[in-house]
Amino acid sequence: MSGLIAIYSDFGSRDYFAGVMKGVILSTNPDAHLVDSARELDSFDVRRAAFVIKNSYLFFPPQTVHLAVVDPGVGSGRRPIAVQAGENLFVGPDNGIFTYVFKDFPSFSAYEIENPAYTLKATGSTFHGRDIFAPAAAHLSLGVKPAELGRAVEKPVMLEVSETVILSAETAEGVAVYADAFGNLISNIAADGIENPVKIEIAGAFIDGVSDSYSSRARGAAVAVRGSSGFLEIAVNRGSALERFGGEGTKIIVRKRT
Amino acid sequence: MSGLIAIYSDFGSRDYFAGVMKGVILSTNPDAHLVDSARELDSFDVRRAAFVIKNSYLFFPPQTVHLAVVDPGVGSGRRPIAVQAGENLFVGPDNGIFTYVFKDFPSFSAYEIENPAYTLKATGSTFHGRDIFAPAAAHLSLGVKPAELGRAVEKPVMLEVSETVILSAETAEGVAVYADAFGNLISNIAADGIENPVKIEIAGAFIDGVSDSYSSRARGAAVAVRGSSGFLEIAVNRGSALERFGGEGTKIIVRKRT
Amino acid sequence: MSGLIAIYSDFGSRDYFAGVMKGVILSTNPDAHLVDSARELDSFDVRRAAFVIKNSYLFFPPQTVHLAVVDPGVGSGRRPIAVQAGENLFVGPDNGIFTYVFKDFPSFSAYEIENPAYTLKATGSTFHGRDIFAPAAAHLSLGVKPAELGRAVEKPVMLEVSETVILSAETAEGVAVYADAFGNLISNIAADGIENPVKIEIAGAFIDGVSDSYSSRARGAAVAVRGSSGFLEIAVNRGSALERFGGEGTKIIVRKRT
């Protein structure tokens, strides 16, 4: 174990929720190495959080505990779970937030967090980040195995997510799956298969060719790039493709030119 | 001492203020363990900051130094203070930000930070976070006692805060004392005393019964829950009770039903 | 070396970019001490970022690595650089973000980051924070020398910045160079030279005298203070001078009175 805990939540920084989770962790493991990975995730948006985790966790050292709390169903029937996927550990609600992790590691194992030895004593029903997830993450960071937390969860919740599209024939049609804070649109079209000359269509506009950088076109011009997550991205140089073309679900078509 | 310093401020993350405080601390105690507890507190809102600290500090390990800088009166007559309350340490302005700490620990001791051995040499009048509070917190994290910082402060500033209301007779009347970033309203009515059947009134609307989770009602419906801070909360499932009912000071009435 | 890495970026906290940089650093140096110095810098605003770094880095311990990523030209021709300036280390794009560092330490040395031993293997063109800057910073924090990263850069990009104005004769004329999140305007007029009685003019309004604190005037009144960065600041007590008088470039005149 590394003692490293990467935290993802929609708690923001205006309230006490994010700080309290850290206090609880450090009360159990004073040597935990806490990292704010993403603390201003969009409220209640499990799908977006899942995408952020997908693009983050493989860049952390093995045995990092990824603590993810975007949890609109807290206190309802949804289970709190701990997950082992390869050498990576996860703690959070069973609401689909780990969908991509399960896809990346089909041999994952998941467990319900129910052993009271690893949660706070007075567990309420509205702040499981404090009462269940933070203490469970702290114990994992100390070397406790996920299986010690509770019974196995065979079929955790999976979100339906857009499958990767590869440009093989003349045309590939995909969608924007994520808009980042700069307004760049990340698609589900694999960047690897795309070689110029191509023409890209989005929301009635056409972009000639795929480029190497956001700034390869004039300021204010739309540009298509091979994005850092391995997928085609649509951007506007120093502007917002989100505002110009729309967000998640916007159709993107790539056509080979000859 | 634990070396742990939890930071609360309204400095945000767009400027250099929050970072500079950390640099100053680490220049004095390179082994300090810094935790961003709440770094986007509302500007100048001492009352809200006091509530955040109230709900945070007891979840941190003993000997944690809680460094709190929401300080609209910086450079005026208000004193910089260090506080010992039980096994918890606090550093910040004497403007009421530690009101709830003083109530929790009536045997607290407070000291004015005036010993120049524990502040920066060139102390200006507009950024005491850097010049006074950060270095004082760093020294406390190294084991310096609050009493070494300066003379005792017998009567630090206390904000007038709403007293806890307990549902004993047929009716309890309280107010919203805090709205979190999700728009949930935290009241001053103790959750412990409330058992169904009850009816709750807020801003002309009525909620039947107290529930276990925000999502126990339909999306968009108002819900009353026993909140994680021990008080009755009014929420709107995936929406904002703040927008629907109003913020701090909004009247909330709980009536027993028979 | 101290292992300390202070991070400045416009990546915010809604996305995975800031977290991924941390994961990459910790994968190379698990003992790195990461500090969020400013993680919500204004998007693409290199000038503002340069000012934040100017006012931050000297407060950190020697050998701190300052990792700065505001990088609208990522993937274009602009070089990634590492800088040694006195006992301080810097990593970021060669786009002027270190302008003030070069002015503070004319004997600085800068190097292009091109040695593949110190970057990620699969370097893309849109996220150099992850692929180049984070790994380079991690290696510097382990004791690698900047000169090992690549060839010397003789003339890194410098922004044109307002020179410091000193009140020597009867009048000094300067401008607002930075507006902080509270709406305070920091000028380029040295605070040291200003002694009452003076009269200050900004956007057609007049302020009598320079004060010691933001709250030395009535709530809502404009006030001129000797700011914590060593320059004259214009503020509005509990309000925003930015909204009242305008932002960067607004003219400020100080006149001695007799």
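This report describes a predicted model, taking up the relation between its chains, their interfaces and a few individual residues.

## How the copies are related

Chain B can be superposed on chain A by a rotation of 120°, with 0.0 Å of shift along the axis of that rotation and an RMSD of 0.0 Å. The two copies are thus related as by a three-fold rotation axis. In general, two copies of a chain are related by a rotation about an axis together with a shift along it.

## The interface of chain B and chain A

The contact draws 35 residues from chain B and 32 residues from chain A, and the two chains bury about 2,700 Å² between them, with 56% of that area on carbon and sulfur atoms. On the side of chain B, the residues that lose the most area to chain A are F59(B), F182(B) and S228(B), which together account for 26% of what that side buries.

Polar interactions also cross this interface, where 17 residue pairs are in polar contact, both residues of each pair having pLDDT 80 or more. The elements of chain B that give two or more residues to the side touching chain A are the strand β2 (33-38), the helix α2 (46-54), and the strands β7 (171-179) and β11 (222-226). Among the contributions to this side, the largest share comes from β2(B), with five residues. Sorted by class, the side of chain B that touches chain A holds 16 nonpolar, 10 polar and nine charged residues.

Two salt bridges are found across the interface of chain B and chain A. One pairing across the two chains is that of D15(A) with R48(B), a salt bridge in which the closest N and O atoms are 3.1 Å apart.

## The interface of chain A and chain C

Between chain A and chain C, the contact takes 35 residues from chain A and 32 residues from chain C. These two chains bury about 2,700 Å² between them, and carbon and sulfur atoms carry 56% of that area. In chain A, the residues F59(A), F182(A) and S228(A) lose the most area to chain C, and together they make up 26% of what the chain A side buries.

Across this interface there are two salt bridges, and the side chains of D42(A) and R14(C) meet in a salt bridge with an N to O distance of 2.8 Å. There are also 17 residue pairs in polar contact between chain A and chain C, with both residues at pLDDT 80 or more. Two or more residues each are given to the side of chain A that touches chain C by β2 (33-38), α2 (46-54), β7 (171-179) and β11 (222-226) of chain A. The element that gives the most to this side is β2(A), with five residues, and the residues of the side as a whole divide into 16 nonpolar, 10 polar and nine charged.

## A buried histidine in chain A

H139(A) is placed in helix α4 of chain A, which spans residues 128-141. With a relative accessible area of 17%, H139(A) counts as buried, because the limit for that class is under 20%. When its neighbours within four places in sequence are left aside, H139(A) is in contact with T28(A), A117(A), Y118(A) and V144(A).

## Backbone features in loops

A cis peptide bond joins N196(B) to P197(B), with omega at about 5°, and P197(B) lies in the loop between β8 (185-190) and β9 (198-202) of chain B. In chain C, the peptide bond from N196(C) to P197(C) is cis, with omega near 5°, and P197(C) is found in the loop between β8 (185-190) and β9 (198-202) of that chain.

Positive phi values in residues other than glycine also deserve mention. Q63(A) has phi near 75° and sits in the loop between α2 and β3 (65-69) of chain A, where its relative accessible area of 26% makes it partly exposed. R238(C), which is not a glycine, has a positive phi of about 60°. This residue, R238(C), belongs to the loop between β13 (231-236) and α5 (241-245) of chain C, and at 35% relative accessibility R238(C) counts as partly exposed.

Note on methods: Residues numbered from 1 in each chain as written. Chains lettered and ligands numbered in written order. Predicted model: local features only at pLDDT ≥ 70, side-chain atom pairs only at ≥ 80, totals over all residues. Heavy atoms only, no water. Contact = heavy atoms within 4.5 Å. Buried area = accessible area lost by both parts, 1.4 Å probe. Salt bridge = Lys/Arg side-chain N within 4 Å of Asp/Glu carboxyl O. Polar contact = N/O pair within 3.5 Å; in protein donor to acceptor, adjacent residues only side chain to side chain. Helix = DSSP H or I, 4+ residues; strand = E, 2+ residues; numbered from the N terminus. Nonpolar A, V, L, I, M, F, W, Y, C, P; charged D, E, K, R; others polar. Buried < 20%, exposed > 50% of the residue type's maximum accessible area, 1.4 Å probe, protein only. Least-squares fit on C-alpha atoms with pLDDT ≥ 70 in both.
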